[in-house]
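Dear colleague,

My notes on it follow.

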Amino acid sequence: MERRSLSEIWEEAQNLFPFSQSIRRDLHRHPELGYQEKRTAGIIAGELKQLGYEVRTGIAETGVAALIEGNLPGRVVMARVDLDALPIQEETGAEYASQVPGVMHACGHDGHVAVGLTVARMLASRREELHGTVKLVFQPAEEGLGGAERMIAEGVLDDPVPEAALALHLWNQLPMGKAVIRPGPLMAAADMFTIRIQGHGGHGAMPEKTADPVLAGAQVVTALQSVVSRSISPLESAVVSVTQFSAGDAFNVIPDAALLRGTIRTYEPDVRERVLERVRSVAEHVAAGMGCSAEVLIQPVTPAVINDPQVAKVTAAAAAAAVPDLRIDETYRVAISEDMAYMLEQVPGCYFMVGAAPSAEGTPYGHHHPKFEIDERSITVAAAILTAAILDLAKSSDHS
Ligand code: NI
């Protein structure tokens, strides 16, 4: 991509700001929960059809996928944005606040749709110079409801198969003018564990006749603290949190069993494997040492969001060329999880974050807070980055 044409992207994204803002505010007034984004999907499909995209609707209930083919040969590049709001009562007092009681765009996905539709306009106006094919994916139900997995199951990654995938989050914990575009892991893998400790109950005054699962459980909780501190390198990171411990019903009865539950967060697949193996082993052996047995069940929640180094490199270069004075952070990461991880397991890609802190002083209310707000100009920054990255990725004939 010529640098001249990348600077035109910034100008066009800025000119489109009134459009981006009106889309974002309209969706903000009319938020819809996961799999119920009918109005949102209707607006998206209508706009994309008008721009000449080939549009498929009803994927995973309310998902939309749209294709545009460039006039020049190139690769298939996919960009995904999410659509859903949260079950939160808005308290911002904004003029464009939610008109739906108990439902709010408190994560900025309204802004993501605005980014997606702004990008759709910019790509449509560049058909002549566009290489390859661009697939825009509007995904429902990101907020823990499995939207990405359902879209994959319903074929969103097939026909045509994307060779690179992009996604983003407007992030109000970072200042405007900053973007996180990094190789490797950006968001954590989440696993849930359940440990059932089986002992042998009896009279609280005759412990010698029992195998006490409360004592064994307490030892297991303590011993699990050694997993991160003793089995993981200080240069790597992981979280093991025991968040539930239940056992017993009476003050004078040693119960038969105890139940522990908790969460594990990791970034690297090999660290994850080690932590899971250690949690299992520590629980089983410590319980055995106390005369009990432990059954450990680990349920994966979401894999880590891991960026492909080459796609991240092209994206960062395109972003730097398209957005004047953009500060790119290559080290930031967060322990939240994101279902785009499932798509990135199949397609090499880059998930990036765009600073969106509102201009008001002080720390902004975080994502999922009733007073959550973004600086809407971040939509322009994100749209320019996404458009530039798509154009460059579709053009490059290989990964080099
Ligand atoms: Ni979100």
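The notes cover a helix pair and then the backbone at particular loop residues.

This is a predicted model, in which local features need pLDDT of at least 70, side-chain atom pairs count only at pLDDT 80 or more, and totals for chains, interfaces and linings use all residues. Residues are numbered from 1 along each chain as its sequence is written, and side-chain values use heavy atoms, with hydrogens and water left out.

Helix 2 (residues 17-29) and helix 3 (residues 38-50) have axes that come within 11 Å and cross at roughly 155 degrees. Helix 2 is therefore roughly antiparallel to helix 3 (an angle over 145 degrees). The crossing of helix 2 past helix 3 is right-handed (the near helix is turned clockwise from the far one by less than a right angle). Phe19, Ile23, Asp26 and Leu27 of helix 2 make the contact with Arg39, Thr40, Ile43 and Glu47 of helix 3 (contact means heavy atoms within 4.5 Å). These residues divide into four nonpolar, one polar and three charged.

Glutamate 61, in the loop between strand 1 (54-59) and strand 2 (63-69), has a positive phi of about 70 degrees although it is not a glycine. Histidine 368, in the loop between strand 16 (349-355) and helix 10 (377-395), likewise has a positive phi, near 75 degrees. Glutamate 61 is partly exposed at 48% relative accessibility (partly exposed lies between buried, under 20% relative accessible area, and exposed, over 50%, with a 1.4 Å probe and protein chains only). Histidine 368 is also partly exposed, at 37%.

With kind regards

How values were computed. Axes fitted to C-alpha atoms, helices over the stretch in contact; angles between N-to-C directions. Helix = DSSP H or I, 4+ residues; strand = E, 2+ residues; numbered from the N terminus. Parallel < 35°, antiparallel > 145°, perpendicular 65-115°, else oblique. Nonpolar A, V, L, I, M, F, W, Y, C, P; charged D, E, K, R; others polar.
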